[in-house]
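Please read the following briefing alongside the sequence and the coordinates. It gathers computed features of one chain by topic.

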Amino acid sequence: MAVKKSELYSSLWASCDSLRGGMDSSQYKDYILTLLFVKYVSDKFKGVAFGDIDVSDGGSFDDMLALIGNKNIGEEMDKIIARLAEANNLRGVIDNAQFNDEDKLGKGREMVDKLSELLGIFRDQMPDFSRNRADGDDIIGDAYEYLMRNFATESGKSKGQFYTPAEVSRILSKVVGIAHAKAGETTLYDPACGSGSLLIRAAEAAPVDVAIYGQEKEGATAGLARMNLVLHNRATAEIKGGYSTFSDPQYMNPNDDSALRQFDFVVVNPPFSDKNWTHGLKEYGRFDGYGDRPPQKNGDFAWLLHVVKSLKRNGKAAVILPHGVLFRGNAEATIRQSLIDNGYIKGIIGLPANLFYGTGIPACIIVIDKENADERDGIFMIDASRNFIKDGNKNRLRERDVYKITTIFTERLELPGYSRSVRTSEIKDKNAYNLNIPRYIDGGTAEDLQSIEGHLKGGIPSADVESLSLYWQTFPNLQASLFKPLRDGFCSIAVDKDAIRDTIYGDADFSSYKGKVENAFENWKSGVDGKLRTIDVTTKPKLLIAEIAGQILTDYEPVTLVDKYDAYDVLLAYWNEVMSDDVYLIVQDGYKAICDIEVFTKTSTKKKDGSEETKTAETGWDGKLVPKALVIEVFFSAEQRVIDDTEIVIAAAQAELDEMIENAEENSAVSDVLKENGSLDKPLLKKNMKDKSIEAEDKTALQNLQDLVTKIDDGTKTLKDLRAALGKKVREQYPKLTDDQCLELLLERKWYRSLVGGVFALYTAVSHSIADRVLALFSDGAVLGYEYYGDLRHDTNGNIMTDKLTAWLIGRGHSASLSAKAVCVGLSIPISKPTIAVKSANLMISPCSTLLRHRLKNSAAREKKRQPRQSKTISVKKSLRRFSSIRSITRSCRLFSTNSLRPDARARLPTRRCWRNISNWLRTPKTRKAILTTPKAYAIAERCELSTIIAATMQN
């Protein structure tokens, strides 16, 4: 029968646990993967004539099982593996792990017990691979990669080289274009193949059989690749291990030993910034014709040029390299220019940082295509650097990210802020052959532009409200319900803050939108239901998920506010976690597997009379495909309600008992029946109940205590009996399930219910997002309104009454410090001499951004202690150094307005640093005074709408 991947993974990991102690966890793979390989090939090919692997007597897994308990078990296991390796030319591949190593596996009885336990796990928990027909046994190869992924995680930098995340491998296999390979001899090559995962993924993406070639410097890692390829039914692949690609390339032109062999497709994830690539280097013309040589201490371009040299005239490649290759200068800039001029680079995909084991730097995929290179007039770029989720201490691409990247690239779709086809002329003339993706794709999240007028006079800029146009188009009446005009270019909230969410949720269009989400799911369900009800032995699970996933993208395309890629990710996440195991089981055993149960047991060994006695006890059970909770829900809901009610009664009595014990007074009758740890002493309680000398009041308290104990004990016994009776009924119900009932339980109750829950979580997120956004606009809105502004301007003394202004601001619920003087200056309120009490009045204003919040958080007293920091400043054309005149300040403000916060081109400063330097300049007393006292400079600053300028003008 088929095996669930999750169960297989659990068995493999249990094997690792049996090896703990004596060796580093990174070495487990040498033993576990060797045994996995031996068992797999023994099950598949033992007694099979002309099989991919020759498994003869004395060289099989069955021969290993016969050694359990043998005092020479380690030595004999090594001999069996040696026979299997010798018969299949696998010496140095599968015999690297030494099972007779006393330093790692212990001496004497310790080694015997450890290896016997390990073989027992493989015998009892592993499936019979000869009967596992699901999807070409990829389930086993995937388990192999699962172990390598976990070992790569534990091994850290030193061992991370042998594993490329599966999601990244899948992207390379799609974007390299091997899906369009035609019949005939198609060759696939990886010059740094590691464990072979990239080669396997690329070969699986090809519609025809391909000849696989790989080279790996580490001999042991090359052995992993050989075994991995055999497990994926790619035993004919040719892997050369123990040779450096630069000093000793193994694939030469069959007709010319002085030239490298060329291939149709190349995929590779080489060592990043390899510093030793020149050791023993042999040229073979790999670096000729590019105007310069790759740097001696950085081999990134050396790998790229090796790939270009290894491609046929129409060859294609996908290479993972550090992001720095796109913009670094000197020799690398010269080589990059030559590659662009030759038209070799077809596309570039920017990946998130911290994806790979052993390094946290961001990487990119460079797609090379020699076909029609001389006619290529641009490069297709994708910025996927912000699309990932956290997975432990690493980042991981989601299913939606993989699909989006591959679909957008293969179809060359341009999405604002994500992908773009860049003309070669723009790369050459405007950017001097610099390929840094942010130069061409602005994928950052747009921040609200802060309005000085809005913050000082009140109101929400209309532009901020219009930024939610997608919501207003979907819900046409909602904007008018939430906002009302205030003045030209500004509006205000039309409802109270506490009523914002109710107004949104009460909108008729918003309420009906839920129906659109439901209809989209029902459309998808009706489209795939027939496929899910007719799964049989001919079904290919990977093709099935591709079909139903493509359908969900189509059906959610019209649902404007729910991202179709999010819906896709819900389906794929559930597929990987649950649904794929179910489908593999149905492919193997049919829908009758729904009637099967899975019994959990525990084996214990006891020594008795000098011999060992082994007992196996049942610890529980559940449905193999359908959990028993679903069977109870459909057939035994009344019995379950009785159990639930009984649990409620027990819980209430237990709570009352706990309360009596907790509130017991010292030296009371209740406290006398408690143990030192505060728990109830039931035997002592019964004894004291019989004591006739106890007073009536104490007797009553003890009787109440005893009644609760009896109620709990009787309820617990009843509950146990009810559960046992229900469990028996449910277990007997599984074989009685009809075909219709099986499909109802599996599809409707399990699959569809789980998926609809995930999709509606997206709808809930949409409803929360619009409410949160409107609330954010309300909070970011300016504090002062016209109604109070007039009162301030026409005070009888011509002065500002700070206590009144303070009270008004606090009453509005705002929470960051601001001096009254700044408000007065911003509103052009005349301030007469120091008679105005504004020296250190801290008034309340709502922060408009993180930076503004930081600038406004200090009190006046603290600000006096800390002098403004003088800092070297850098801005556009470095015009913000030290300003000696109002004219230069005015000119700088104008530069801000025209260049926004674009970093200096020559300094290549990130925007955040440029922002910080501008902020430091604005904080100087001289600059603040100049802006506040010079109408022209202030007007330009106001047009800039920079929150830094707002913060600076409000500091004094």
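D644 is found in helix α24, where helices (H or I, at least four residues) and strands (E, at least two) are DSSP runs numbered from the N terminus. This is a predicted model, in which local features need pLDDT of at least 70 and side-chain atom pairs count only at pLDDT 80 or more, while totals for chains, interfaces and linings use all residues. Residues are numbered from 1 along each chain as its sequence is written, and side-chain values use heavy atoms, with hydrogens and water left out.

- The C-alpha atoms of D644 and L719 are separated by 9.2 Å, although the two residues are 75 residues apart along the chain.
- D645 also lies in helix α24, and with 47% relative accessibility D645 counts as partly exposed.
- Between D645 and L719 the C-alpha to C-alpha distance is 9.8 Å, with 74 residues separating them in sequence.
- D658 has its place in helix α24, which spans residues 637-662, and D658 counts as partly exposed at 37% relative accessibility.
- E656, D658, E659 and E662 form a negative surface patch.
- Patches are made of residues with over 30% relative accessible area and no salt bridge, like charges being joined within 9 Å and nonpolar side chains (Val, Leu, Ile, Met, Phe, Trp, Tyr) within 5 Å.
- For the charges, Lys and Arg count as positive and Asp and Glu as negative, whereas His and the chain ends are not counted; the place of a charge is taken as NZ of Lys, CZ of Arg, CG of Asp or CD of Glu.

**Salt bridges**

- Side chains of opposite charge can pair when their charged atoms come close.
- A salt bridge is here a side-chain nitrogen of Lys or Arg within 4 Å of a carboxyl oxygen of Asp or Glu, and by this rule the count comes to 41 salt bridges.
- E633 and R749 meet through their side chains in a salt bridge, with an N to O distance of 2.5 Å.
- Since E633 lies in helix α23 (residues 628-635) and R749 in helix α27 (residues 739-780), the pair ties together parts that are 116 residues apart in sequence.
- The side chain of E633 also meets that of R753 in a salt bridge, at 2.6 Å from N to O, and this pair links distant parts of the chain, with E633 in helix α23 and R753 in helix α27, 120 residues apart.
- E633 is partly exposed at 32% relative accessibility, R749 is partly exposed at 24%, and R753 is partly exposed with a relative accessible area of 37%.
- R91 forms a salt bridge with E86, in which the closest N and O atoms are 3.6 Å apart, and E86 counts as exposed at 56% relative accessibility.
- A network of salt bridges links K316, K346, D369, E371 and R376.

**Loop residues**

- S273 has a phi near 50°, a positive value in a residue other than glycine, and S273 lies in the loop between β6 (263-268) and α11 (300-309).
- For R412, phi is likewise near 50°, positive in a residue other than glycine; R412 is found in the loop between α13 (399-411) and β13 (419-423), and R412 is partly exposed with a relative accessible area of 40%.
- M126 is found in the loop between α6 (109-125) and α7 (138-155), and M126 is buried, with a relative accessible area of 7%.
- Leaving aside its neighbours within four places in sequence, M126 is in contact (heavy atoms within 4.5 Å) with L8, S11, L12, K39 and I121.
- M126 and Y9 are 117 residues apart in sequence, and their C-alpha atoms are 9.7 Å apart in space.

**The chain as a whole**

- The secondary structure of the protein chain comes to 37 helices and 20 strands, and of its 956 residues 50% count as buried.
- Among contacts in the protein chain with a separation of 6 or more, 73% are accounted for by residues 24 or more positions apart.
- The protein chain exposes about 45700 Å², of which carbon and sulfur atoms supply 47%; accessible areas come from the Shrake-Rupley method with a 1.4 Å probe, and for residues only the protein chains shown count as cover.

Key. Buried means under 20% relative accessible area, exposed over 50%, partly exposed in between (1.4 Å probe, protein chains only).
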